[in-house]
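Here is a friendly briefing to read alongside the model. Keep the viewer open and follow along topic by topic.

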Amino acid sequence: MKKRLRKIIIAAIIFLIAVLIEKINFVNIDENTIFIIQIVLYVLSYLIVGFEVVKKAVVNIFHGEFFDENFLMSIATIGAFAIKEFPEAVAVMLFYQVGEYFQSYAVKKSRKSIANLMDIRPDYANLKVDGNIEKKSPEEVKIGDIIVVKAGEKVPLDGIVIEGTSMLDTSALTGESVPREVKVNDNILSGCINLNGVLEIRVEKEFGESTVSKILDLVENATNKKAKTENFITKFSKYYTPIVVFLAVIIAFIPPLITQTNMLDWGYRALTFLVVSCPCALVISVPLTFFSGIGAASKKGILVKGSNYLELLSKTEIAVFDKTGTLTEGVFDVQKIINKNGFDKNELLELAAYCESYSNHPISISIQKAYGKEIDKNRIIHSEEVAGKGIISKIDDKEVACGNIKLMEKLNLENIEQVEEIGTVIYVAINNQYAGYILISDKIKEDSKKAIQDLKKAGVRKTVMLTGDNKEVAEKVNQELKLDMVYSGLLPVDKVNKVEELLKNKNEEAKLAFIGDGINDAPVLARADIGIAMGALGSDAAIEAADIVIMTDEPSKIATAMKISRKTLKIVYQNISFALIVKIGVLILSAFGLASMWAAVFADVGVTVLAVLNSFRALK
């Protein structure tokens with residue numbers, strides 16, 4: 001970038017000196033000498049900015065690519081030199097390089113914003129070396145190395161547990177909120193959160209196969225997946241360029257042969273025609289606008305893997321959601337504490353937390369988390385687990401029982417009824433008297449309701465939820481979110497079938513987006529018109545299968561992505577319309593000899609620069 005900018009500045013200074021030298025002739029140099037100096041300066045300026053373009057055109061010709069923008073720029077500018085239009089020849093190439101610089105700058109800025117986005121994903125590994133722990137970058141860890149994952153840390157690399165047992169938050173991988181236990185010889189995937197114990201893991205995959213590495217690779221290649229609009233421009237240039245070269249040849253030779261007029265005049269018109277016809281504004285500004293849109297999305301925590309997906313997003317009319325981890329947080333939390341028979345709520349929670357303090361079960365951890373204070377184990381005199389029912393403990397001078405309805409029935413307690421609530425109910429008895437219950441369930445994300453409302457405002461006419469949970473849980477979530485359709489009790493294959501059904505019944509132009517986060521969502525993400533993954537804790541499989549990744553785990557960002565998509569397409573159509581209108585107008589004028597080379601420079605490079613500057617708006 002700096003090298004290119006230096007070339008442009010040096011060439012521009014030399015060009016200005018060449019233009020002004022005869023006007024600021026302080027030492028009275030004769031006209032012939034000034035003319036020679038001007039030619040030398042123009043050629044020098046041209047070589048500084050134009051040599052690479054001409055070289056590329058020659059190389060492409062040898063590779064069978066005759067009619068590209070490099071060929072057009074080269075033939076038009078060299079032709080301008082041939083008819084002694086030196087300032088115009090240099091100006092065309094100089095402004096062309098300015099347009100190229102703007103393009104490179106915008107792409108670099110977009111890439112930088114995407115690279116900054118990657119930094120929000122903390123990935124490090126505790127490498128075990130000769131009994132000592134060293135914090136290393138995951139890239140440095142090799143297959144067969146031993147890493148240690150402490151409580152609260154994310155598993156950085158895939159491997160096999162060789163020591164320790166723990167509960168893992170696998171909601172990102174399974175799509176469901178119940179953590180699972182891992183022990184020696186169990187496989188473990190990167191992206192899980194270690195909830196309690198310390199694990200030693202033998203690494204089975206290098207960092208190059210990990211989530212972050214794959215995403216960065218996808219970003220670098222995002223523009224390879226072209227939108228239909230981009231593909232149109234590529235095809236347009238392929239046929240358009242040889243046609244205009246052929247027309248320029250006709251303009252240069254046929255009229256002077258018929259009318260016996262000055263061939264130089266018609267040659268000038270033909271060269272002007274060629275300069276105008278160069279499709280730089282379209283070839284540069286359209287992909288640049290899409291890349292700027294991708295960069296703008298990344299600043300909002302939205303990773304778009306290709307411009308084709310950005311274009312499709314603007315046509316989304318059906319949004320299909322997974323539930324757990326997508327619309328809900330995918331973690332157990334205490335939602336309600338109901339006290340009975342004169343017992344205090346705080347006392348109920350405190351004694352339940354002490355009663356459950358020796359258990360690593362996620363339910364027990366949720367109660368301890370809600371209590372939020374340090375557990376004094378000296379207060380626990382005795383604790384006994386009743387298989388399949390719960391725990392009975394003696395805390396200070398109180399007998400405390402925590403568990404399901406079967407434990408309460410075993411204790412023959414009076415005045416107790418089974419609670420019909422959505423979630424897990426923990427009944428608590430103190431000194432053989434029913435004290436109340438604690439409700440633990442998954443929590444709806446704070447912005448899920450806003451996400452559904454914003455999508456409907458953005459033109460999504462149907463919102464659907466697919467979940468593996470039971471009907472009661474699904475209906476409870478829907479009561480709050482007000483979705484159009486809900487399907488519950490589904491296996492991954494059922495989700496695919498439902499999406500297939502929705503795809504079959506929609507309009508051809510309308511697009512269906514599926515939003516999910518777990519391994520079980522990967523097949524549906526791949527099948528939908530647009531697959532959107534929740535990426536902050538989403539599984540490798542879901543992120544890889546998706547077309548768009550919401551790095552912040554906020555479903556409301558989908559509506560934001562749609563707004564960015566529509567704004568980007570609006571700018572694309574503006575650039576195409578503006579470029580074609582100006583070019584067609586000046587092409588007609590140049591064919592009749594009514595447009596100078598300077599008008600051609602504006603119609604080509606000027607329009608390109610204006611289109612590129614307009615493309616920058618997509619970054620905001």
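Strand 11 and strand 18 (residues 462–466) run parallel and are paired through five bridges; strands, like helices, are DSSP runs numbered from the N terminus (E, at least two residues, for strands; H or I, at least four, for helices), and two strands pair if DSSP finds at least two bridges between them. This is a predicted model, in which local features need pLDDT of at least 70 and side-chain atom pairs count only at pLDDT 80 or more, while totals for chains, interfaces and linings use all residues. Residues are numbered from 1 along each chain as its sequence is written, and side-chain values use heavy atoms, with hydrogens and water left out.

**The chain as a whole**

- The chain holds 20 helices and 22 strands.
- Of its 620 residues, 52% count as buried, where buried means under 20% relative accessible area, exposed over 50% and partly exposed in between (1.4 Å probe, protein chains only).
- Among contacts in the chain with a separation of 6 or more, 67% are between residues 24 or more positions apart; contact means heavy atoms within 4.5 Å.

**Strand 11 and its partners**

- Asp 322 has Leu 466 as its bridge partner in strand 18.
- Strand 11 also runs parallel to strand 20 (residues 511–516), joined to it by five bridges.
- On that side, Val 320 has Phe 514 of strand 20 as its bridge partner.
- Strand 11 (residues 316–322) has six of its seven residues buried, so it is largely enclosed by the rest of the structure.

**The open sheet 12-17-16-15-14-13**

- Six strands make up this open sheet, in the order 12-17-16-15-14-13 and with antiparallel pairing.
- Its edge strands, each pairing on one side only, are strand 12 (328–339) and strand 13 (380–386).
- From one strand to the next, the twist averages 20°.
- Six bridges pair strand 13 with strand 14 (residues 390–395) in the antiparallel sense, and Glu 385 has Ile 391 of strand 14 as its bridge partner.
- Strand 14 is also antiparallel to strand 15 (residues 398–403), again over six bridges, with Ser 393 opposite Val 400 of strand 15.
- The hairpin of strand 14 and strand 15 has two residues between the strands, and Asp 396 there takes a positive phi near 55°.
- Strand 15 is joined by four bridges to strand 16 (residues 424–430), the two running antiparallel; Gly 403 stands opposite Tyr 427 of strand 16.

**Tyr 434**

- Tyr 434 belongs to strand 17 (residues 433–444) and is buried, with a relative accessible area of 4%.
- The C-alpha atoms of Tyr 434 and Ile 416 are 6.9 Å apart, although 18 residues separate the two along the chain.
- Setting aside residues up to four places away in sequence, Tyr 434 touches several residues, including Lys 340, Phe 343, Leu 413, Ile 416 and Tyr 427.

**The open sheet 2-1-3-9-4-7**

- Another open sheet has six strands in the order 2-1-3-9-4-7, with antiparallel pairing.
- Strand 2 (132–136) and strand 7 (187–188) are its edge strands, each pairing on one side only.
- Strand 4 (residues 159–163) and strand 9 (residues 199–203) run antiparallel and are joined by four bridges, with Ile 160 opposite Arg 202 of strand 9.

**Nonpolar cores**

- The largest nonpolar core has 86 residues, of which Val 304, Phe 321, Leu 455, Ile 532, Ile 548 and Ile 558 touch the most other members; such a core is a set of buried Ala, Val, Leu, Ile, Met, Phe, Trp, Tyr and Cys residues joined through side-chain atoms within 4.5 Å.
- Helix 19 supplies the largest share of this core, twelve residues.
- Apart from this core lies another, of 25 residues, among them Ala 352, Ile 375, Ile 380 and Ile 430.
- Leaving aside neighbours within four places in sequence, Ile 548 is in contact with residues including Ile 302, Val 304, Tyr 309, Leu 313 and Ile 532.

**Helix 8 against helix 19**

- Helix 8 (residues 263–277) and helix 19 (residues 557–591) pack at about 170° with axes 9 Å apart; axes are lines fitted to C-alpha atoms, for helices over the stretch in contact, and angles run from 0 to 180 degrees between N-to-C directions.
- That angle makes helix 8 roughly antiparallel to helix 19, a label for angles over 145 degrees, with under 35 roughly parallel, 65 to 115 roughly perpendicular and the rest oblique.
- Residues making the contact include Trp 266, Arg 269 and Phe 273 of helix 8 and Lys 583, Val 586 and Leu 587 of helix 19.
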